[in-house]
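Subject: The two-chain model

Hi,

Here is the structure I promised to pass on to you. Have a look at it first, and then read my notes below.

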Amino acid sequence: MNAALWLTRATQNLPAGVTTRVSRDTLDHLHDAGLPEHADVKAVLGDPEAVNADLKRLYLTVRESHRLGMTPPPWQGWLRVGALLSVAGFLLLEPHSPLAGQGVWSVLFGASVLLLVLATARLHPVRRDRWRDLTLSLIVALPLLVGNDLLAGVPTLPLTLTLTLLISLRLSTHMHLDARIRRTLPLETA
Amino acid sequence: MNAREQLRLLILAVLDRQPEHGYAIAQAINTRSEGLLRAREGTLYPALHALEAEGLIESQEHEVAGRTRREYRLTDKGRAALARTRRDWQAQVSAVQAVLSGGKA
């Protein structure tokens, strides 16, 4: 496998700035090692697919960069607003509703909290907005997860654990994405 | 410590002596370990990029003999991380050694 083919595979689906930097680093390395570009470089450079996977952990892919550059469709915003209003509605109506405390009420309420958390899955590409949305979700969801008697009638432990896991996963995913954006942008704007 | 963490430690240790470019880092790891450790050059650069993104190393391009070379150097944050990782590594080695020698280390 020559250098050009190795680089094509190692930088597959990565944006232009990242590809340029990796190609330059690698070709400099081969030059220093006295290895011609047409030689078989796999023994020296290793498996290009493994390197590609490493690079994708560090940088955004072309598709992700493109998606982040797009304005999210309005329905995503409305979905979040709807879920938030539904949770707020349950909280406001709880003292007055004859259904409060019954199984169906608890299930619907749990479902609306779940919808709110899931709706934040489609967060804004801008970091400030992402943090705002996540903070909002956490502020709404956390008090509901710790011992609210609205959840009487449904087994609260599995629900609490599931929602906590979902929130933690979203937080972790977005922190990881954020780090990849911060690494990719300087190379793309250089 | 897995292979990726080990490579990070080795890179930081090499750069602790002096700034180097990528090929020299790979060579130093190979030479200092007497050929026992060999950084696959393909995995070296993602590791260098990650360390740079974390602010543990920094890089700068230089013109050398008509060619542009990228040289990596350790930052203060990287030096502190190296000291910490060295301590952890020594503790692990001592622990394994103690077990291997039957607790007579």
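Please keep in mind as you read that this is a predicted model.

I would start with H29(A), which sits in helix 2 of chain A. Is this histidine buried or exposed? It has a relative accessible area of 0%, so H29(A) counts as buried. If you display its surroundings, you will find chain B there: leaving aside residues up to four places away in sequence, H29(A) touches G22(B), Y23(B), A26(B), E41(B), L44(B) and Y45(B).

Now to the contact as a whole. Chain A brings 22 residues to it and chain B brings 24 residues. Together the two chains bury about 1,900 Å² between them, and carbon and sulfur atoms account for 49% of that area. On the chain A side, H29(A) turns up again: along with R21(A) and D32(A), it loses the most area to chain B, and these three together make up 30% of what that side buries.

Six salt bridges are counted between chain A and chain B. One of the salt bridges pairs R24(A) with E61(B), whose closest N and O atoms lie 2.4 Å apart.

Which parts of chain A supply at least two residues each to the side that touches chain B? They are helix 2 (16-32), helix 3 (42-45) and helix 4 (48-58). Helix 2 of chain A gives the most, with eight residues. Sorted by class, that side of chain A holds 10 nonpolar, three polar and nine charged residues.

In soluble globular proteins, nonpolar side chains tend to be buried together. The largest core in this model has 22 residues, and those touching the most other members are I11(B), I25(B), L44(B), L48(B) and I57(B). Helix 1 of chain B provides the largest share, seven residues. There is also a second, separate core of 17 residues, including A3(A), V18(A), V51(A) and L187(A).

Happy to go through any of this with you.

Best wishes

Terms used:
Residues numbered from 1 in each chain as written. Chains lettered and ligands numbered in written order. Predicted model: local features only at pLDDT ≥ 70, side-chain atom pairs only at ≥ 80, totals over all residues. Heavy atoms only, no water. Contact = heavy atoms within 4.5 Å. Buried area = accessible area lost by both parts, 1.4 Å probe. Salt bridge = Lys/Arg side-chain N within 4 Å of Asp/Glu carboxyl O. Helix = DSSP H or I, 4+ residues; strand = E, 2+ residues; numbered from the N terminus. Nonpolar A, V, L, I, M, F, W, Y, C, P; charged D, E, K, R; others polar. Core = buried A, V, L, I, M, F, W, Y, C linked by side-chain atoms within 4.5 Å. Buried < 20%, exposed > 50% of the residue type's maximum accessible area, 1.4 Å probe, protein only.
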